[in-house]
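Open your viewer and keep the selection tool handy.

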Amino acid sequence: MTSPNILILMVDQLNGTFFPDGPAEWLHAPNLKRLAARSTRFANAYTASPLCAPGRASFMSGLLPSRSRVYDNAAEFAADIPTYAHHLRRAGYQTCLSGKMHFVGPDQLHGFEERLTTDIYPADFGWTPDYRKPGERIDWWYHNMGSVTGAGVAEITNQMEYDDEVAYHATRKIYDLGRGHEARPWCLTVSFTHPHDPYVARKKYWDLYSDCEHLLPEVKAFDYEEHDPHSQRIFDANDWRSFDITDEDRARARRAYFANISYLDDKLGEILHALEATRQEAIILFVSDHGDMLGERGLWFKMSFYEGSARVPLMIAAPEMEPGRIDAPVSTIDVCPTLCELAGVDMSEVMPWVAGESLVSLGQGAQRQSPVAMEYAAEASYSPLVCLRSGKWKYTNCALDPEQLFDLEADPHELTNLAEEKAHRDVIERFRLEAAARWDLEQFDAEVRESQARRWVVYEALRQGGYYPWDYQPLQKASERYMRNHMDLNIVEERARFPRGE
């Protein structure tokens, strides 16, 4: 069997409720719509953890944060944890990353043979939360509502500069792969930082949504006292009392967010065009690390198990999987075993410890019964939260908070907590037993606290005296690019051309 090439297209903070069956009809996303038409589309895909670093470590490894120990955006991703890049590379693949993966720690490759850009976020322990100080707000890196009040138009930002670079390097890499200098199959991961806030977009994309009917949230903001305790902690972490959010702010922020989906669609179009122009075939997977509440209930950003934050788009275009919509809940931790099955790569040596399940059979008509699990143990939490999604139900538990149970068929906006309803006593008891079998919340809390305390000591020590950061520096061998005097110009020109001699 010939091993297939694999192209992974990842975005950041893209709300999966806008992808009920591919992109919503009103989104200006022609390239994603074309990809959706030939993909298995997972309408109820969930992040393993609604935050960047833990969500991405889980996506790559098939492990929940309690197993990977990537609890938050400053927790080290250990070098001894196999990722899909390790599995594929071990089986003979070229593995390459262009863009963000938010690796924390000295290993900045995690199985990738080549990395084309640096990351957009720091690789050290400086963003470590501290459960010993509940209510502490670390102003220099915590989100605040300035992303909403400052929404609007700009032609260049920190994030645009980054994603322009990610797309450029990815497109250049696909052209290079098309030259056929390597016999090995390839896996290229292209990971953007949009549509992550701040909510700022280029005017050409902003103008696409001048008449958009979705610029205000469907569920209006609640009073602070009406929110569940975790949502209140999110509000406090986001410094909500320092801002007065108006409907105009909400509309501008959502408009910029939708505009940045269209910006991404253009970037993805460039990459897919390069793949087509070089006549290369590849399995294509599109996914986000987590979602964004976008003002629903008054909440913004992520850090929550509510649908806007926890649900993500997931589409796979592969010959072994039929195009169409799959409604069964699935998880981003399923990506690693799915890629390995599609590539014919054996994961049996580590599968007893991997929580994810391959999705290939779902694209062949099989049914799934096992629940989807999520965890959160980062900023705005004072103790770990866990969640199970099974069928139409979503169950949330935390040692500090009342349980939550939602019927997502009858109550898609999660407005009615059924946990105390007598009519659903059997359902809540079933989830309690399932959660108790999966998690020891007291031990989970202790492990998070230990990790945080250790990292604070290490971070403060390493910032004294000489500082040697772990931020990835892309390697470029200038003496091996273009034309140099140890090369034959005729060979250089011939090898760099695709197609040759036509």
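Before you start, bear in mind that this is a predicted model.

Stop 1: Select Leu489. It has 44% relative accessibility, so it counts as partly exposed. You will find Leu489 in helix H14, which covers residues 489-496.

Stop 2: Move on to Pro499, in the segment after H14. The peptide bond that leads from Phe498 to Pro499 is cis, with omega near -10°.

Stop 3: Next, select residues 94-99, which make up strand E4. Is E4 mostly covered or mostly open? It is mostly covered, with 6 of its 6 residues buried. Strand E7 (residues 186-195) runs parallel to E4 and is joined to it by 6 bridges. Strand E5 (residues 114-115) is also parallel to E4, through 2 bridges. Click on Cys96 to see both pairings: its bridge partner in E7 is Leu188, while in E5 Cys96 stands opposite Glu114.

Stop 4: The peptide bond from His194 to Pro195 is cis, and its omega is near 0°.

Stop 5: Nonpolar side chains tend to be buried together in soluble globular proteins. Here, the largest nonpolar core has 92 residues, and the members that touch the most others are Leu7, Leu9, Val190, Tyr199, Phe258 and Phe286. Helix H9 (residues 247-277) gives the largest share of this core, 14 residues. A second, separate core has 47 residues, including Phe59, Val70, Val330 and Leu362. Return to Leu9 and show its surroundings: beyond its neighbours within four places in sequence, Leu9 is in contact with Val190, Leu268, Ile271, Leu272, Ile284, Leu285, Phe286 and Val287.

**Stop 6: two positive phi values.** Select Arg69, in the loop between helix H3 (65-68) and helix H4 (84-90). Arg69 is not a glycine, but its phi is positive, near 70°. Arg69 counts as partly exposed because its relative accessibility is 40%. Finish at His110, in the loop between E4 and E5. His110 is another non-glycine residue with a positive phi, about 50°. Is His110 buried or exposed? With a relative accessible area of 0%, His110 is buried.

Note on methods: Residues numbered from 1 in each chain as written. Predicted model: local features only at pLDDT ≥ 70, side-chain atom pairs only at ≥ 80, totals over all residues. Heavy atoms only, no water. Helix = DSSP H or I, 4+ residues; strand = E, 2+ residues; numbered from the N terminus. Buried < 20%, exposed > 50% of the residue type's maximum accessible area, 1.4 Å probe, protein only. Pairing = 2+ DSSP bridges. Core = buried A, V, L, I, M, F, W, Y, C linked by side-chain atoms within 4.5 Å. Contact = heavy atoms within 4.5 Å.
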